[in-house]
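Please examine the strand pairing and the aromatic contacts in the structure shown below. A short report on selected local features follows.

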Amino acid sequence: MTSPARRRQSTPDIADAAAEELPQLPGVDPRHQRFVHVRDHAGRMCRWHVIDATPDLPAGERPRGTILAVHGNPTFSFLYRSLIRADIPWRIIAVDQLEMGWSERTGAKRTLQDRITDLSLLTDALSIRGPVVTVGHDWGGIVSVGWALDNRHDLAGMILTNTGIHQEIGEQLPKALQLATTPAVLPATTSLTDAFLRTTLSLSSPPLAPEVERAYLAPYRTRQRRRGIEQFVADIPALAGHPSRPTLERLADGIRDLDVPTLFAWGPRDVVFSDRYLRDLLDRVPHAAVHRFETASHLVWEDADVAGLVARWLPTVLGEPDPTAPAVSSHAQQGPVGRPGERIAQLASDPAHRHGPAVVELAGPDGTARTITWELLNTRIEDIAAGMLAHGVRPGDRVSLLVPPGADLAAVLFACLRIGAVAVIADAGLGIAGLTRAVVGSHADWIIGIPTALAGARTLSWPGRRISVSTLPTVDRTVLGVDTSITELARSGRQMRELGAPLDVAWPDADDDAAILFTSGSTGPAKGAVYTHQQMHAMFTAVGETLQLDPERGLVAGFAPFALLGPALGAPSVVPDMDIRRPGELTATALAEAIDALGAPAVFTAPAALRNILATADQLDDAGRAAMARVPSYFSAGAPIPAHLLRELRDLMPNAVALTPYGMTECLAATAIDLEGIEAAGEGSGVCVGAPVPRVEVAIAPMDPEGRTRREPTTDPGITGEVLLRAPHIRDRYLNLWGTTAESMRFTGWHATGDVGHLDEDGRLWIEGRAAHVLATAQGLFTPVQVEDAAESVPTVRRAGAAVVGPRGTQQVVVHLETEDGYRPGKTGTPRPAPVSLQEAVRRAVAERCGVEVVAVFTTRALPTDIRHNSKIDRAALSRWSEQTLAGQKADAL
């Protein structure tokens, strides 16, 4: 196919108004614009402005079909110009609705049904036949659904972006529309002034380019030309007696029967069509593919690459395979069969273990330590499960768990898994903004949390009915909007079971959704990785085998998400006294106290915690040092661990085997290696993370000279590229991120991790950073870890972060340093030029080991890292800061 920009104008079905001057629209080829004249629903001849573009295809090929794009209020066809520029072999027709954009101002007041009929008359006149995919945005989404219902014989698919299809009688309109629809205010904001128009344009994130904003304003320069905006707002059918209400009800019911491929692309920062409207649409069209562009607002077409998403999705309309169809597990070795959490029930019925510790809390709800046995934990799980069912929690409901690690979280999680409710797990380490995105984006039906979390849910309007962990006073329940408590649910469930009523729900099917685990957000907004019950059981098994955990060998979970793995793996667990939002601040003393609670457990920590444990080791007393010496093994994952750090820990934990598994939220436990293995591997480019664990396959997608990784996977040694994984415990998909799921599965049967690395002659994997952070310089491609390792070889350098400035292919390298004497944990500050001697040493080390020139070296108190691990360097932030600073601009804060 030729360049997507080369599109020829379709042969007009209606004579163009040649004498009429077409508008000049930036980014739109004038040959793709025209005026057509068609009679409307009342028989009036009306002039429509349309953008009509057909791809320039090879001889003999025809467009796959027609995309009919309908704008909302107060935009026009210009909104869809990116579709025409995309590589899409479909004819694209984007219309200006009558009274809007550059179409005619007839003075007629048009109801919702009038607009639907007018659009059908236009498409009839243009002889548009199937397959047709409708595209709608804002109130144009409703009009496009009406066209789809009235022309379903031609309908092949449907795309909706930030729109709504239903508004309950008496339900308040979005606040952004409440004022605009007030009769006394309506004309002043919509037609007398352009306030409504400018407010809508201001919703774009980032702000519109000046020439784009001018293009949107141009059709609406006068009051007469803005009357269509006023009439569109006045036609919002919020009340029962509104003339357009019956039509809205017809569309809201009718969309349920449109069994065609459907895509919802959404900007969740929209103050008009919020996620509440997306949830309603998903209830009506549950088979729809969904992609939420986390940073996008109402004008999602301006804020995000919706056209690219559409281009990737369109082939599914014509029957081509869905690129997000789960393929990873079917291409991997078969996983173990079982149910997540069944190990708890087994140990609870085993006389040798039933009274042994399952969860130890160093400070329980009343401030004292408590130990929960396997028998008590299993009883609690069954009581809560029965109580949840009786209260109305149903299989498939999504339950957001905002509970600190401990016995309560374990009991609630496994109760959810038992009855088939989908647990949404986003830890406090994501921060308020990250938690809000996770809870809102997961469309939770229920929120179970401690009072602080429930107060946040109330304040931030998170969706879901609320359940507290413990029973609250009546006043607090009312203020927080709480239904009941876990304590009350457990009590009612226990009473039912004592009366002989067993859990009256079947175990979930293996392919049912079990949990949504949110990533750390170190490379962008946190993503929800969806696991089925079978995948989750396989994940528990893989981790348990890798870490060799059992009832006699407990687990100190110095990294909050792993607190849930202990009970699932049949290992007693304890969480140290620490701020789970800052794992890098775990002290040696707190770790020793947690070890002492279980005797001689394994330890799991974040990489940043290992550094701080070493830094605070001098605070240990004799008992603390004795406890550390009893540790049989410790594990750390979340970022590659340099060998020198493991060697330094030998003095502190002399009897421990140091194991560093490589994995991610999407595939916990992919490879593993111990210190002896790292030393045997020797020096190399990157960090050696070992060979694949059982049932995992690793391959590499080679990079081309521009750093793209789309060539066929290979297992040949020494080839650097994106790391690909196959395993039965890889996540099923990303929640409401259809495009991200498709991109991660672009190699059929493989999960593309986004990490870059290579395999050596012995099949061991070496990690060299993130694929998105590869340095594309004039000297060639360099992975960030190559440069960072070289910089860290310089004395006094504690840690280095590689950044780039300039366009790909000619990027220049900048290095940011933490130094031993200047490091301040958690305080990034403003980077400053490094001392001249240090700059020269770093430049020399990088040039000698990598062959690349460093143009600038800065020091900072602490490199910016992800919230959860405190370990993954935010190289993108470093690059932004470097670009701004070296260009003489005021740099954003790190």
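## Strand β35 and its partners

In β37, F858 is the bridge partner of H816. Strand β35 (residues 812–819) and strand β37 (residues 854–859) pair in the parallel sense over 5 bridges, where pairing requires that DSSP finds at least two bridges between two strands. Strands (E, at least two residues) and helices (H or I, at least four residues) are DSSP runs, numbered from the N terminus. The model is a predicted one, in which local features need pLDDT of at least 70 and side-chain atom pairs count only at pLDDT 80 or more, while totals for chains, interfaces and linings use all residues. Residues are numbered from 1 along each chain as its sequence is written, and side-chain values use heavy atoms, with hydrogens and water left out.

Strand β35 also pairs with strand β34 (residues 797–805), in the antiparallel sense over 8 bridges; here the bridge partner of A800 is L817. The hairpin of β34 and β35 has 6 residues between the strands, and G806 takes a positive phi near 95°. Of the 8 residues of β35, 7 are buried (under 20% relative accessible area; exposed is over 50% and partly exposed in between, with a 1.4 Å probe and protein chains only).

## Strand β3

Strand β3 (residues 45–55) has 10 of its 11 residues buried, so it is largely enclosed by the rest of the structure. Strand β2 (residues 33–39) pairs with β3 in the antiparallel sense over 7 bridges, and R34 has V50 as its bridge partner in β3. The two strands β2 and β3 form a hairpin with 5 residues between them, and G43 in the turn has a positive phi of about 90°.

In β5, I92 stands opposite A53.

## Aromatic pairs

A search of the whole structure finds 7 aromatic pairs. Rings of Phe, Tyr and Trp (its six-membered ring) pair if their centres lie within 6.5 Å; planes under 30 degrees apart count as stacked, over 60 as edge-to-face and the rest as tilted. F76 and Y216 form an edge-to-face pair, at 6.1 Å centre to centre and 80° between the planes. Because F76 lies in the loop between β4 (66–70) and α1 (81–85) and Y216 lies in helix α7 (residues 210–217), the pair ties together parts that are 140 residues apart in sequence. F76 counts as buried at 0% relative accessibility, and Y216 is buried with a relative accessible area of 1%.

The rings of F858 and W881 have centres 5.0 Å apart and planes at 85°, so this pair is edge-to-face. The pair links distant parts of the chain, with F858 in strand β37 and W881 in helix α30 (residues 875–886), 23 residues apart. Both F858 and W881 are buried. Ring pairs also link F76, F78 and Y216 into a cluster.

## Charges over rings

The charged end of R115 sits over the ring of F232, 4.1 Å from the ring centre. K527 lies over the face of Y734, at 5.6 Å from the ring centre. The criterion is that NZ of Lys or CZ of Arg is within 6 Å of the ring centre and within 35 degrees of the ring normal.

## T753

T753 lies in strand β30 (residues 751–759) and counts as buried at 9% relative accessibility. Not counting residues up to four places away in sequence, T753 touches Y662, M664, E722, V723, L725 and R770, contact meaning heavy atoms within 4.5 Å.
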